[in-house]
Amino acid sequence: MQVRGTSRTPEGLDAIEAVGIEPAEADPDRPGSVLDLCGDVAVVVWLLGSAVGDEHAVAAIHGPRLERLLEKLVESPVRGFAYEAGGSVGPDPLTEGREIVERAGRTWRIPIAFLELARDEPGWATRSAAIVAGLLTV
């Protein structure tokens with residue numbers, strides 16, 4: 001698999017590149033910046049369960065911004081969506097995000113998955129990769 005990681009900051013892009021992943025600038029608060037990168041993507045992994053920043057902006061990327069992105073992904077080559085359903089942003093935004101992703105999966109028959117293991121738990125990367133890979137076989 002080829003993996004592309006996104007960040008809003010040059011420091012984040014440098015960290016992504018340092019681990020051998022293709023870096024790309026995108027901002028989850030601007031779904032169009034994410035969509036611009038989806039022309040050759042099979043699965044989007046929304047790893048924002050521990051996003052930090054303004055409370056309203058963080059809620060928006062688990063709410064209306066996520067919903068707009070999913071609506072637009074239907075018209076792209078993306079065939080799966082994994083949502084980080086655990087993290088430090090709090091239960092309300094994560095619950096709303098989960099509901100939005102579940103609704104999109106039912107409405108547009110997009111294969112979906114939820115990443116619920118905390119990132120600091122042993123096996124997070126291996127288990128999450130297996131879940132994402134499973135979306136490619138649906």
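**Exercise 1.** Among contacts in the chain between residues at least 6 apart in sequence, what percentage join residues at least 24 apart?

*Solution.* Start with the ground rules: this is a predicted model, where local features need pLDDT of at least 70, side-chain atom pairs count only at pLDDT 80 or more, and totals for chains, interfaces and linings use all residues. Residues are numbered from 1 along each chain as its sequence is written, and side-chain values use heavy atoms, with hydrogens and water left out. Next, take a contact as heavy atoms within 4.5 Å. The share that joins residues at least 24 apart then comes out at 57%.

**Exercise 2.** Find where Arg109 lies, and decide: is Arg109 buried or exposed?

*Solution.* Look between α5 (91-108) and β5 (112-115): Arg109 lies in that loop. Then check the backbone, where Arg109 has a positive phi of about 55 degrees although it isn't a glycine. Last, bring in the cut-offs: buried is under 20% relative accessible area, exposed is over 50%, and partly exposed is in between (1.4 Å probe, protein chains only). Arg109 has 74% relative accessibility, so it counts as exposed.

**Exercise 3.** State what percentage of the chain is buried.

*Solution.* Go through the 138 residues with the buried cut-off, and you get 41%.

Technical notes: Helix = DSSP H or I, 4+ residues; strand = E, 2+ residues; numbered from the N terminus.
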